[in-house]
Amino acid sequence: MSGAGRSSAADRQAAAEYRIEDLAHASGATVRTIRAYQDRGLLPTPERRGRANVYRDTHLARLRQIADLLDRGYTLASIKELLDAWDTGRGLGGVLGLVAEVHGPWTDEQADRITREELNLKFGGTSDDEAVAEAVELGVLEPIPGRDGEFLVPSPQELAVAVELHAAGVPLGAISGHLRELRGQVEQIASRFLEFTTEHVFARYLGHRPPTDSDAAEAAAMVRRLRPLAQQTVDAELARAMRTFATRHLHHHLGADTPLGAGSPSLAPQSVDLPSETIRAVQQLVGPDNVSAFVAAAAEREVQTRTLDALALSNGKASQVVQID
């Protein structure tokens with residue numbers, strides 16, 4: 001029993017201590033990466049025991065923290081500043097809260113899963129390996145490790161749009177090309193919105209690098225508040241632009257002489273060529289300065305006369321019908 005007790009205690013002690021190879025296995029980092037982090041000052045100095053370095057759970061926790069920040073887009077230099085702030089007691093809770101807020105979802109849309117068979121059915125029942133590969137490259141589909149032929153769909157709405165466009169006759173290659181172009185334009189909008197809000201809102205939180213714990217917490221709350229504004233602004237402006245340009249496109253394809261919402265010819269002024277002898281006769285009658293007004297009045301009078309004649313003819317036919325009855 002006493003031997004078993006000593007073995008259990010030894011196991012607990014061993015669990016709290018790691019050789020560099022053990023630390024690499026537990027953390028998922030390579031031995032070379034761990035040594036590089038040590039050289040950069042990202043990891044605390046390990047305990048020297050004889051000719052070997054001994055690492056503890058604090059090193060494992062720090063490696064996992066570094067990996068998490070790298071996944072969120074931080075550089076090693078930025079991570080060094082954050083960890084230095086933590087180590088000197090300035091606090092990291094607010095900063096990590098800000099990181100989590102920015103890194104969190106920017107939409108309420110929930111990701112979905114789809115099999116290759118379901119995907120084929122959505123796009124007409126035919127298999128297109130090239131189109132699937134392009135969708136994976138664009139991030140519309142994400143292969144699920146260990147689940148052959150099954151994909152994660154980060155944005156079901158985006159996939160649904162592609163399905164509808166394809167059903168309407170748009171080739172898959174054209175849809176992918178359009179998405180690439182659209183993504184570039186949207187990324188420019190996002191970048192400009194971030195520059196705008198950084199200049200006018202978040203600049204006051206950036207006086208310290210990294211920001212103080214309280215500033216970071218306040219900035220995180222501001223991100224939460226402003227997060228929906230970007231999409232709301234884009235939605236409103238896209239609706240306005242679509243209405244404007246759709247109207248122009250419809251007008252163009254219906255013909256320049258057919259105004260929207262009317263069945264009559266365009267009322268825009270038009271030039272009319274008259275015989276030279278007619279113009280000379282009018283000039284002699286009313287003078288050169290009054291030619292345009294005379295011609296317009298004569299044309300208007302002719303239109304009124306023909307309208308009245310048409311009405312009279314219509315009434316005459318109607319009275320004849322009554323007399324016959």
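User: What should I know about the source before I start?
Analyst: This is a predicted model, where local features need pLDDT of at least 70, side-chain atom pairs count only at pLDDT 80 or more, and totals for chains, interfaces and linings use all residues. Numbering runs from 1 along each chain as its sequence is written, and side-chain values use heavy atoms, with hydrogens and water left out.

User: How many helices and strands in the protein chain?
Analyst: The protein chain has 13 helices and six strands. Helices (H or I, at least four residues) and strands (E, at least two) are DSSP runs, numbered from the N terminus.

User: And how much of the chain is buried?
Analyst: Of the 325 residues, 21% are buried, with buried meaning under 20% relative accessible area, exposed over 50% and partly exposed in between (1.4 Å probe, protein chains only). The accessible surface is about 23,100 Å², and carbon and sulfur atoms hold 56% of that. Those areas come from the Shrake-Rupley method with a 1.4 Å probe; for residues, only the protein chains shown count as cover.

User: Which residues have the most contacts inside the largest nonpolar core?
Analyst: L23 and I34, in a core of 16 residues. A nonpolar core is a set of buried Ala, Val, Leu, Ile, Met, Phe, Trp, Tyr and Cys residues joined through side-chain atoms within 4.5 Å. Two or more residues each come from α2 (20–27), α3, α4 (57–71) and α5 (76–87), and α4 gives the largest share, four residues.

User: What about R40, where is it?
Analyst: R40 is in helix α3 (residues 31–40). Beyond its neighbours within four places in sequence, R40 contacts L76 and K80. R40 and L76 are 36 residues apart in sequence, with 8.8 Å between their C-alpha atoms.

User: New topic: which helix gives the most to the nonpolar patch?
Analyst: Helix α11 (residues 213–254), with three residues. The patch is made up of I189, V234, L238 and M242.

User: Why does I189 count as partly exposed?
Analyst: I189 counts as partly exposed because its relative accessibility is 44%. I189 sits in helix α10 (residues 172–200).

Key:
Contact means heavy atoms within 4.5 Å. Patches are made of residues with over 30% relative accessible area and no salt bridge: like charges are joined within 9 Å, nonpolar side chains (Val, Leu, Ile, Met, Phe, Trp, Tyr) within 5 Å. A salt bridge is a side-chain nitrogen of Lys or Arg within 4 Å of a carboxyl oxygen of Asp or Glu.
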